[in-house]
Amino acid sequence: MAGMVFIPGAMFDQGSPPAALDWLLRQDQPLPRSWFADETPQRPATLGPYRIDRYPVTVAQFREFTRATGFRTDAEDRGFGLVYDEQGWVERAGVHWREPGGPGTAGAAGDDHPVVHTSWRDASAYAQWAGKRLPTETEWEYAARGATFRLWPWGDDWDDKRANTAELHAVGGLTTLEDWQQWWHALCRRDGPLPQTTSVGSFSPQGDSPFGCADMAGNVYEWTSTLSYLYDEATVCDPTVRKAMGSYRVIRGGSWMNFRYQVRCSERMHGDPLGWSSFAHGFRCAQDA
Amino acid sequence: MVRIVVPSVWNPERRTDFEADEGPLPEVIRRFAEANPVMRRRLLDAGGEPLQYVNVCVDDELIPRHLRRATVVPAGATVTIIAPMAGG
């Protein structure tokens with residue numbers, strides 16, 4: 001299948017070992033251990049062979065889908081979408097995948113950028129139309145790092161030139177939330193709240209996973225098919241994250257908005273699947289082999 | 001009183017449990033946000049109305065957007081605030 005990578009079946013330990021959380025707490029990042037606890041303990045996982053898209057689904061690919069089917073996304077139907085402006089997250093009228101920053105921003109992201117403002121339903125509908133499906137989070141993680149644990153698709157040494165994260169964009173680099181806000185506010189004042197996506201594959205091959213999958217760290221958050229659950233019910237994690245279990249869907253990979261810590265291969269986020277999306281959310285597809 | 005549970009990363013103390021007075025759900029959220037200004041922008045819009053994209057559970061029930069105005073939080077209940085993207 002063009003554009004897809006074949007992944008042989010495998011057994012591996014999904015999730016992060018305790019040492020990874022110990023490492024996080026030693027880093028210059030403010031989040032507590034309980035915030036990351038949902039990625040522990042590691043659990044043995046078995047996968048059959050499958051294929052996964054080398055890249056996230058692009059604007060051009062999504063346009064082809066809507067032209068062929070007349071599909072309208074959740075954001076188009078409700079008339080507004082979620083962007084992060086100088087005040088924080090805000091629902092803005094006229095924001096959707098065609099105009100990701102609002103009316104007048106069509107073309108702000110090129111055809112070869114990942115499509116954004118896609119809800120879980122939108123992503124699932126595209127996958128079905130394409131004869132594919134969303135990857136499970138187990139498939140996603142294995143495609144991102146292979147059998148051996150590693151922090152990022154290319155290894156354990158961070159390099160801000162290998163992925164589209166917030167750390168790539170700011171001149172002089174970003175290390176704190178205050179730096180991030182300063183950078184983002186300056187961008188918003190200049191351009192408005194536009195997604196800072198990059199053309200898929202921009203960081204290949206140096207940012208690729210062991211299987212050659214691109215953009216698995218950063219660029220866009222990626223929906224998976226997996227209903228959120230804890231690897232171990234006894235895990236002590238943030239109570240609001242626990243409350244999302246059983247109703248949200250797992251999101252992987254982090255995005256251009258994040259620092260290095262949120263784009264790790266084992267990092268888990270959980271998204272509201274009932275129509276919610278943002279200007280940093282996209283997806284890629286998978287298929288049984 | 002009602003118990004309010006918020007993400008630990010929403011305040012510098014990493015506190016998740018708070019108390020507030022019972023009442024209509026939008027009022028409970030508004031009063032809680034005003035009493036805890038560090039979390040205000042995560043709960044209220046510029047006009048002081050509860051943000052609609054933030055999910056709200058009363059005890060174990062997720063309250064859809066269109067039912068929030070009519071929902072009353074009784075004494076002893078727990079209101080859990082869940083960001084549309086949790087964790088990370």
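Predicted model: local features only at pLDDT ≥ 70, side-chain atom pairs only at ≥ 80, totals over all residues.
**View 1. Helix H5 of chain A and its buried residues.** Helix H5 spans residues 120-129 of chain A, and its buried residues are A:Trp120, A:Asp122, A:Ala123, A:Tyr126 and A:Ala127. When H5(A) is seen down its axis, these buried residues fall within an arc of 165 degrees, so they line one face of the helix. In general, an α-helix has 3.6 residues a turn, so residues three or four places apart point the same way. The cover over the buried residues of H5(A) includes helix H3 (59-69) and helix H4 (74-78), together with strands E7 (221-227), E8 (249-252) and E9 (269-271), which belong to chain A. After H5(A) comes A:Gly131, a residue whose phi is positive, near 75 degrees.

**View 2. The side of chain B that touches chain A.** Here 22 residues of chain B are in contact with 27 residues of chain A. On the chain B side, strand E4 (55-58), strand E7 (78-82) and strand E8 (85-86) each supply at least two residues, and the largest share, three residues, comes from E7(B). By kind, the residues of chain B that touch chain A divide into 13 nonpolar, seven polar and two charged.

Terms used: Residues numbered from 1 in each chain as written. Chains lettered and ligands numbered in written order. Buried ≥ 20, exposed ≤ 12 C-beta atoms within 10 Å, placed from the backbone. Helix = DSSP H or I, 4+ residues; strand = E, 2+ residues; numbered from the N terminus. Arc of directions from axis to C-beta. Contact = placed C-beta atoms within 7 Å. Nonpolar A, V, L, I, M, F, W, Y, C, P; charged D, E, K, R; others polar.
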